[in-house]
Amino acid sequence: MKSKLILLFSCFLFLSAYGQVEKVEPPFWWSGMHHNELQLMCYGKDISKYDVQIEDVTISDVTKTENPNYVFITLNTEQIKEGMIIINFKENDNVMFSQPYQFKARIENSSKRKGFDSSDVMYLIMPDRFANGNSENDTHPDTVEKADRSNPGGRHGGDIQGVIDHLDYLKELGVTALWSTPLLEDNEPVYSYHTYAQSDLYKIDPRYGTNEDYKRLSLEMHKLDMKLIMDYVTNHWGSKHWMIKDLPTKNWIHQWPEGFRRSNYRMTTQFDVNAAKVDAKGCMDGWFDTTMPDMNQSNPLLLTYIIQNAIWWIEYANLDGFRVDTYSYNDKNGIAKWTKAIMDEYPSFNIVGEVWMHDQAQMAYWQKDSKIGAIDNFNSHLPSVMDFTLHDALTVIFNEDEGAWDKGMIKAYDNFTNDFLYPDINNILVFAGNHDTNRINEIYQGDIDKYKMAITLLCTTRGIPQLYYGDEIGMLGNRDKKGDGDIRRDFPGGWQGDQQNAFLTADTKNGRTNDQEAFYSFTKKVLNWRKNTPVIHTGKLLQFIPFNNVYVYFRYTQEKTVMIILNNSTTDQEIDVARFTEGIKNFKIGTDIISDSNIDISENFTIKSKGSMILELK
């Protein structure tokens, strides 16, 4: 066998003298996949003039485009076993050059992997701003932009090793799932730390590390029973992507007569029965920015390319989920096919789509099996969406001290009255902030009582709570006044030489300040309690109309009941126990997990102003 492989590669090296395949993508694949067709994209100078042949492999299609440098080969992989195949490029029946291609063995039970769900707490980081574990890769010869920590919009040097180094911090905090903004190569000359303008979909940006480093991150997280979620971008690539510079087909991207046209960002045109076609096209086909060419998911070659790329990363890095950027800007039929293909391969996987809209019906349209989407025969197959209307409420309610008809806690209550619109209410992502919004502690001016109410609500309502890195230590940031860099500050202590290290406790030299410790300890307590409280993961929600800016709701199953009270008023409030009999039932005692005290709930009791209670009823 060894001598046969040596002969095989000797032949390959000889034949390569006559021609060269510069790229084959996916770079390798796996045997035993659910879908038994594989589209190989082969790229090389004038490669399309050759015929293609693979011994003992069925080629179901060969597509050549107007660009002679591409050939797309579709293989039937049903009978292909682990090992190497050889792709021959022939002219007049003579083999001019060959390309080896590897099939690997899958991870055991790979198709049965379980994605993130409502038992998880998700933590969002921007890797460039979290921690610098390897200062030697801050600047890399293969990429243009160099590290400059003094520039709020520049690269600061955070990387995958920095994340690995602080997994214990996340574990102790109570985090069970990590969402990192994109880590794939972004070779734009400026603002590349953002990493949403990707230049290679099969390569981790070398300033973050290597593909192997990303795989190692996944392995280390799984050792700690934590899940890794990749931020996947289907809507656009970066202007410096090598394929953008030499397009396989003109309609690989959306093109305009004037060269560039920005999206009108009106996602409602995707389902508005009254929308003008020109406006719908202006949203879906317009570019997000000059550096982000808009991809055409209605092109079958492109669609298959990004389906396979997504599956490749799941299989390669053993991922537990995707967060999909700008989901509702894609061609909706194309993105539905992309989503379905992934979920068919991994039925228990999870994907949450960014549908940044401000109406529950419009967001619910995008969740799998939506009755609203069914009106126009559309099913996205998307398991999860982000609850932006709850986010809208969370950014104002705790500054509205005097509850009124439409102010204060009623905004939270009203948000949940529309839960009937969602096909799977437990599988939506709830959050107070992310990398595109003002920090929640900025909005509430570092008021820890308001932070506690926000975290209490997030961690006890239905859905999957998501925190933004640094919120747990009270980090501030205002993008409206100081730009994106201000909401994406470096985590203190993530860089060697930082004067303060917020990864360390307050009683450690240069560790967290007392104020930071107060934020951290509260968050840690609630997250770790939630982790071990299934009623919060899947229990039913019973809510009561807020009076005097006090919001009371219950999460319950047949086995357990939790009563949550948020007093958003500026005065202490008496809780009228009789009013909440439907939730309290025959329970007599409530143990407040925040204060570690027992409350007699057989009679009225008081909650302090701007106070939070999480009562386990007994």
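## Exercises on salt bridges and strands

In this predicted model, Asp486 and Arg489 are joined by a salt bridge whose closest N and O atoms are 3.0 Å apart.

**Exercise 1.** Decide whether Asp486 is buried or exposed, and which class Arg489 belongs to.

*Solution.* Begin with the cut-off, since buried means under 20% relative accessible area. Asp486 has a relative accessibility of 11%, so Asp486 counts as buried. Arg489 reaches 32%, a value between 20% and 50%, and therefore counts as partly exposed.

**Exercise 2.** Find which parts of the chain are tied together by the salt bridge between Lys610 and Asp401.

*Solution.* First, the side chains of Lys610 and Asp401 meet at 2.7 Å, N to O. Next, Lys610 lies in the loop between strands E25 and E26, while Asp401 lies in the loop between helices H10 and H11, so the pair ties together parts that are 209 residues apart in sequence. Finally, Lys610 is buried at 10% relative accessible area, whereas Asp401, at 27%, is partly exposed.

**Exercise 3.** Work out which way the side chains of strand E10 (residues 177-180) point, and which strands pair with E10.

*Solution.* Start from the general rule that in a regular strand the side chains alternate between the two faces of the sheet. In E10, Ala177 and Trp179 point one way, Leu178 and Ser180 point the other way, and all of these residues are buried. Then look at the neighbours: strand E9 (residues 122-125) runs parallel to E10 and is joined to it by four bridges, and strand E13 (residues 227-233) also pairs with E10 in the parallel sense over four bridges. Leu178 stands opposite Tyr123, and its bridge partner in E13 is Leu228.

Technical notes. Residues are numbered from 1 along each chain as its sequence is written. This is a predicted model: local features need pLDDT of at least 70, side-chain atom pairs count only at pLDDT 80 or more; totals for chains, interfaces and linings use all residues. Side-chain values use heavy atoms; hydrogens and water are left out. Buried means under 20% relative accessible area, exposed over 50%, partly exposed in between (1.4 Å probe, protein chains only). Helices (H or I, at least four residues) and strands (E, at least two) are DSSP runs, numbered from the N terminus. Two strands pair if DSSP finds at least two bridges between them. A salt bridge is a side-chain nitrogen of Lys or Arg within 4 Å of a carboxyl oxygen of Asp or Glu.
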